[in-house]
Amino acid sequence: YEHGATGAEPRMYTEMLEQPASVERTLRGRLDERFGTAHLGGLGMDARELRAVQRVKILGCGSAYYAGQMGAQLIEELARVPADAEAASEFRYRDAVIDPDTLYVAVSQSGETVDTLLAVEEIRRKGGRVVGLVNVVGSAIARACDGGIYLHAGPETAVASTKAVTTMFVGFALLALQLGRVRDLSVADGKRLVAGLLRLPAQIEETLAGEERLAGIAKTLAQAESMFFVGRVRGYPVAREGAQKLKEISYRHAEAYQMSELKHGPLALISPAVPTVAVVPDDELADRNIGALHEIAARGGPLVVVTHDGVDLGELTAERIDVPRNEKELDPLLLTIPLQLVAYHAALTLGHDVDRPRNLAKSVTVE
Ligand code: G6P
């Protein structure tokens, strides 16, 4: 591939390609195939303490926040513990109620993001328990937490986060599995998810191999001044992360929306000049999602659909991107990968330096 003016591979590209190995490292030594669970010794919590968790609140910024949203869904699905994610940059300013039965999770690649760090300190000051999902060993956030899980993604230096996001997702899956298996999650479901996690590295590889086609799609998308990224439930944080990547490095306006909220406003903006990238996994919501795509098509909106082989798009005219199937709870990870490549190639098409996007820093460490 042509990687831009210098001809050298941008770091973002190298980091994207490292994802299978990064995910393997996140998983290494943490899965228990026999009992269908995960062991995260770094949390410093025994089964009794894990069982006492009544709620989970995840805090992070930017892509880490979107990964946190994916994580909250995993925790609700697998452990049936109420969970949500919030931007740490909001949380720290709103005098949040700190609850002793809530497990707070701070998620950060660098471990140095000041908004996340100050949220952690505030929670601890008020007696809450915080664990970290952090990539950089010994970083400020890792040190400020009561315990945690290191991602082991390897060093990430491109501003646009890729392997950190995918390993955050895997970290949350491990946490959800461990929380689930000390509660109601069956051994059969636990084993099903362990097997699914072990399939991910090869499936990421397979998805990355679709680069050429994705580059073509990106070229077309890059011509649009403005576009939507939409998804529902599992697909929504994927859409947010996809829009974020595209904005960060291509400078095109990309707005993420919940699929079902489209009709409550943004549908007014759909036209042949405004494409939509839709995230439509083959899950219990696929039919509903396809219904919403018809609304977009009826207004002449061009469609790119990230989906699974076998999802029937009927009469719709769309560029379709099929990702490999895994367990439905783990779908967000593989759905995210093509959107990274699309953002990357959109930026290259427009001649931007993907590793040095204007106005952005890799980690925001000062207020
Ligand atoms: C900055 C970067 C984002 C990143 C966010 C959180 O805003 O531009 O790409 O997602 O910080 O960084 P962290 O190191 O805490 O994951």
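**Notebook: a look through the model**

I started with Lys191, which counts as partly exposed because it has 16 C-beta neighbours inside 10 Å. The cut-offs I used are 20 or more other C-beta atoms within 10 Å of a residue's own for buried, 12 or fewer for exposed, and in between for partly exposed, with C-beta atoms placed from the backbone.

Two notes on method. I number residues from 1 along each chain as its sequence is written. The model is predicted, with local features needing pLDDT of at least 70 and side-chain atom pairs counting only at pLDDT 80 or more, while totals for chains, interfaces and linings use all residues.

**Entry 1: Lys191**

I found Lys191 in helix 9, residues 187-208. Helices here are DSSP runs (H or I, at least four residues), as are strands (E, at least two), and they are numbered from the N terminus. I then looked up what Lys191 touches, leaving aside its neighbours within four places in sequence, and got Glu33 and Gly36. Contact requires the C-beta atoms of two residues, placed from the backbone, to lie within 7 Å. I also checked Asp32, which is 159 residues from Lys191 in sequence but 8.6 Å from it in space, C-alpha to C-alpha.

**Entry 2: the whole protein**

I counted 13 helices and 12 strands. The C-alpha trace spans about 55 × 45 × 40 Å along its principal axes. Of the 367 residues, 53% are buried. Among contacts with a separation of 6 or more, 76% join residues 24 or more positions apart.

**Entry 3: the ligand**

How many residues surround the ligand? I noted 15, and the closest are Gly62, Ser108, Gln109, Ser110 and Thr113. To be near, a residue must have its C-beta atom, placed from the backbone, within 6 Å. The shell divides into 5 nonpolar, 9 polar and 1 charged. Ala, Val, Leu, Ile, Met, Phe, Trp, Tyr, Cys and Pro count as nonpolar, Asp, Glu, Lys and Arg as charged, and the others, Gly among them, as polar.

**Entry 4: helix 12**

Helix 12 (residues 286-298) has 13 residues, and its span from first C-alpha to last is 18 Å, close to the expected 18 Å at 1.5 Å a residue. The expected span is 1.5 Å times one less than the number of residues. I listed Asn289, Ala292, Leu293 and Ile296 as buried in helix 12. Seen down the axis of helix 12, its buried residues fall within an arc of 105°, so they line one face of the helix. The arc is that of the directions from the helix axis to the C-beta atoms. Asp287, Gly291 and Ala298 are exposed on the other side of helix 12. What do the buried residues of helix 12 pack against? They pack against strand 10 (276-280) and strand 11 (303-308). Just after helix 12 comes Gly300, with a positive phi of about 80°.

Helix 8 (residues 163-181) reaches 27 Å with its 19 residues, close to the 27 Å expected. I found 19 of its 19 residues buried.

In helix 10 (residues 211-221), I noted Leu214, Ile217, Ala218 and Leu221 as buried. The buried residues of helix 10 line one face of the helix, because they fall within an arc of 105° when seen down its axis. Glu212 and Gly216 are exposed on the face turned away from the buried side of helix 10. The cover over those buried residues includes strand 8, strand 11, strand 12 (319-323) and helix 13 (331-349).

**Entry 5: positive phi**

Most residues other than glycine have a negative phi.

- Asp95 has a phi near 45° and is found in the loop between helix 5 (88-91) and strand 5 (102-108). Asp95 counts as exposed because it has 9 C-beta neighbours inside 10 Å.
- Val233 has a phi near 50° and sits in the loop between strand 8 (226-231) and helix 11 (235-250). Val233 counts as partly exposed, with 18 C-beta neighbours inside 10 Å.

**Entry 6: Pro324**

I ended with Pro324, in the loop between strand 12 and helix 13. Pro324 is partly exposed, with 17 other C-beta atoms within 10 Å. Which residues does Pro324 contact, leaving aside its neighbours within four places in sequence? I found Gln203, Glu206, Thr207 and Leu334. Ala158 is 166 residues from Pro324 along the chain, and their C-alpha atoms are separated by 26 Å.
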